[in-house]
Each structure stands twice: as structure tokens, then as C-alpha cells.
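Have a go at each task before you read its solution.

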Amino acid sequence: SDGFSADQIFNKRFGCASYTYDDLILMPGHASPSIASMKLETKCTKNISLKTPLISSPMDTVTESNMAVHMALYGGLGIIHYNMTIEEQAYHVKQVKRYKNGFIMDPICLSPENTVADVMDIKKRFGYGGIPITENGKIGGVLLGIVARRDLDFVNDTSIKLSNVMSTNLITAKEPVSLTEANSILAKSKKGKLPVVNEAGELVALISRTDLIKNRDFPLATKDQNKQLVCGAAIGTRPEDRLRLDALAAAGVDVIVIDSSQGDSMYQHQMIRHIKSKYPNIDIVGGNVVTARQAMNLIKNGVSGLRVGMGVGSICTTQEVCAVGRAQASAVYNTSKLARKFGVPVWADGGVGTTGHIVKALSIGASAVMMGSMLAGTEEAPGEYFFQDGVRLKRYRGMGSIEAMVKGSDKRYFASGSKVKVAQGVSGSVVDKGTLRNYVPHLIHSIKIGMQDLGSENLEELKKCLESGKLKFELRSPAAQREGGVHSIHSVEKGVFET
């Protein structure tokens, strides 16, 4: 048959060569599945599934709470960077966990003695209204009323006590009540909030109408068992990162990514064991690694996922500066081949510039793809837009750049105690990509088209084709790579997607 299996390509043909995504081309299969029936569900850790195999990188120009929220809403995952204080990072995690709740188990409450100014302060700090008023101002107190935004529309004196403005004609749900039953009550009542009370009239939970709407508009959303968005955060391996870990755990983080350019170190092994012993319910993703030996060492220490890639990002210079790393396709294939035996998912981190690269990463064993440059420049990425030569841009930098190291990422490169800092990344800018509301659906659809051409209906089937050798590849010559791109025309207008 045409083409070669992945094992033939990576291990038997030219064993000394290391391949990138661009070196490979996939042979088409029988295009029978329809796009509508295609599923992209995957495991990102041993315990957490994603409906979309896309993860945003923990870079300070890529992922904070806004990016993490929207990645989760579209079925992916956001990993919040740690180039900030412990308090700031914990705050971003809380923002994600509070964004989409089923039962809000710890709503902010006030007492009748609080004032309108207190409600205004909560709205300013957290962005929402609809505050339950309990006898003691705490969850578990007897519910007396609720203060909604409309209750304050014509109130000018912020010193007025809430007992004078709160609504007391309440519709409530009695505990025990399922989320489906509570949602039905809320939909019929047309209220903004539905308090859940026990037999004694004490407030035990709250449900928000806006969460019903979000649930309808984002059916792929990545949620935990409490119907909150799943959120990840990065930490280093220094002793002070244990304090950061404690704060993130208290904020409700679901996944901890141990962020290091060389993941197979005694520091990371120690951190993995510490997290597993203190927070056994938090999944750990170790890395970065590029060889089976590195991967095995982290698996032995108990990671729930592996982050694969070294020196292949568009703004990373590790291979150039340190002469260490591996071409990404070879790294992903060889690490995932081992990791699959232990049920450990692999994140392909770096080297992704097109949706074709994403399809290739998934085809050679990755369970999910981590993106930096492809998400930088979107509205949801941190930073402000600026214009240069008439082009709208956003700043984008590697975490190994001197600029990022000064902010704190130097510990990722074992340089936090060094007087001399050697850059392993650069700073630059990327073109405005618009909002994730348009961009991520484009990425998802493009991946599905690629899988349709391969003849695979879901990622599990794709993995089986890889393992059996049914999935076929060829290596591309430099001329073939040129031929596979746009060529032989005078000018080109390349639209990424149409909204």
C-alpha cells in the first residue's frame, strides 16, 4: 500500500533523523464520516476529558483568566501563567472557577445591616450583582431577602441599609434538589437568581440565570463535577512554589502544570511527589520532555499527563543557545508511544503554526495540542493592541526571553539564582486574530476536515489506526514542502476564516 507506518518513519527508515511536522504528510483514507458526527473528545490527563483537544500555553502574553475561561467554554483548557504574584495567580483561577457555576456553594452574602455601598463594592470587584441577604451575612444563615441590580436603579444614597431596599418576595428551591430541577424552577420564575434553602430556611446554595444561558450557548464547555469551568495553572519547582501551590489549591485549581524547559530533574520529581501527597485530587502534568527516558522518569513519579516539546516554539531559542532539544514530530511520537502504555496523555507543546500541524500532532499520538503563538494576538490574550505600519498587533514573548525572565520566569530555566541570565527566547509581536468566539470554531472545524480526509470519526479511532499501522505517512522533500504551500502566483490574499 502507499505510504509508511509511523513506526517505519520514525524508527526504521532513517533512524538518525529527527522530524518536524512539516517533514511529514499524511496519506488520505476513505472519507466516510460526516463533519456533523465527528467527535474530538480526548483525555488531557488521566482524570480530565476535553471535548476539544486544544490547550492554551502558560505564557504571560497568552493565558490569564479571560483566555482560560474562553478556552474552557469551547471545550479546551487554559493554563494560567505564573509570571505574577501568588495572590494574582490565585485570583485568576478564582475568576475562572466562579465564571460558570451550577450550584454556587460559596456565594457572597451580606446582612440587612450592610449598606448599598457594600453591594456596589462587590459589583466593582467581582462584576456581578444579585446578593443574597442572610441573617448573619454568611452562607448557612437564614435567608431574608436578595438585592438585585434593579433594586438599586433609583437609589442615590449608598449609605442606606440593605434592609430598606432588598426584595423579600422570594422564589426558592428546597434542599435536596437536583440541578435539573433547580434550573427548571429558575427558567419558569424568570428570576435572575434562585436561592436554595434547607428546612430551616437557611441558605445552602445559589443558582444564577446567566449560567443557564452559558450552558445553552456553550455545550462543549469543560466542567468539573460541580459544573464549574475546569482551570489549570503553572508553577515552578522552587521551595516558594509550594506556597503558590497551596494558594492555587485553595482557589480551586483542577490541573497543576509543572513548568520547566527541562522536566526530567530532581526538583520536578520532588515537586510531583509533594503535590501527590498533599493534594491527591489535583492532576499533575509534568514536563517539558522530548525523550522516552525523560517521560518514563516522570511517569514513575506519578504524573497524570506529559507536556512534550523543547526549543520548538516560534519564540524559543533553546536549541540554538543550548544545543539541546528535539524536532517536535519525533518528540511527540516517541514519548506518546511510551506514555500510552501507562494511560498517560501527551500534550504536544510548540511547533504548531497551522491547523495542519494540529492534525499531524494528534495523528502521531498527542492527546491534545498546546498553543502559544496561535492564540497570542486574540482579544482574550493579555495585553493591549497597538499599530505599527498600519497593522494592528499585540506583544508576544517567549518565557525564556530576558523581558519575561525579569518578571519571574527565570526559574523555568534554572536561572533564578544566577547573576547572568542567558536568554532562551525572544520578544516580538503578532497580528490581531480577533476574538476566540470566531477563531476557535474555525480551528475545530479545520481539525475535523483533516480527520474526515483521513477517514477517522474520532480521536480514539485515529489512535487505533496509528497503533495498527493503518495510518500512513510519507516524508516530504524540501521541494514537496514548497509545492504543498501557496506558490506560482503573483500575489495572494489569504483569509484565515470567514464569520
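**Exercise 1. Which residues of helix α9 (residues 292-301) are buried?**

Before you start: this is a predicted model, where local features need pLDDT of at least 70 and side-chain atom pairs count only at pLDDT 80 or more, while totals for chains, interfaces and linings use all residues. Residues are numbered from 1 along each chain as its sequence is written, and side-chain values use heavy atoms, with hydrogens and water left out.

Step 1. Helices (H or I, at least four residues) and strands (E, at least two) are DSSP runs, numbered from the N terminus. Buried means under 20% relative accessible area, exposed over 50%, and partly exposed in between (1.4 Å probe, protein chains only).

Step 2. Read off the helix: Gln294, Ala295, Met296, Leu298, Ile299 and Asn301 are buried in α9.

Step 3. Look at what they touch (contact means heavy atoms within 4.5 Å). The buried residues of α9 pack against α8 (266-278), β13 (283-289), β14 (305-308) and α11 (328-339).

Step 4. Check the end of the helix. Just after α9, Gly302 has a positive phi of about 110°.

**Exercise 2. Sort some salt bridges by where their partners lie.**

Step 1. Side chains of opposite charge can pair when their charged atoms come close. Here, a salt bridge is a side-chain nitrogen of Lys or Arg within 4 Å of a carboxyl oxygen of Asp or Glu. That rule gives a count of 11 salt bridges.

Step 2. Take Lys97 and Asp254, whose side chains meet in a salt bridge at 2.8 Å, N to O. This pair links distant parts of the chain, 157 residues apart: Lys97 is in helix α3 (residues 86-99), and Asp254 is in the loop between α7 (241-251) and β12 (255-258). Lys97 counts as buried at 5% relative accessibility, and Asp254 does too at 14%. There's also a network of salt bridges that links Lys97, Asp224 and Asp254.

Step 3. Now try Arg244 and Asp241, which form a salt bridge at 3.8 Å, N to O. Both lie in helix α7, 3 residues apart, about one turn of the helix. An α-helix has 3.6 residues a turn, so residues three or four places apart point the same way. Arg244 and Asp241 are both buried.

Step 4. Finish with Arg392 and Asp432, with their closest N and O atoms 3.0 Å apart in a salt bridge. Here too the pair links distant parts of the chain, 40 residues apart: Arg392 in strand β18 (residues 391-397), Asp432 in the loop between β19 (427-431) and α14 (436-454). Arg392 is partly exposed at 32% relative accessible area, and Asp432 is partly exposed at 26%.

**Exercise 3. Work out the strand order in the open sheet of 3 strands.**

Step 1. Strands pair if DSSP finds at least two bridges between them. The order is β8-β9-β10, with mixed pairing.

Step 2. The edge strands, each pairing on one side only, are β8 (173-174) and β10 (203-208).

Step 3. β8 pairs with β9 (residues 193-197) in the parallel sense over 2 bridges; Ala173 has Val196 in β9 as its bridge partner.
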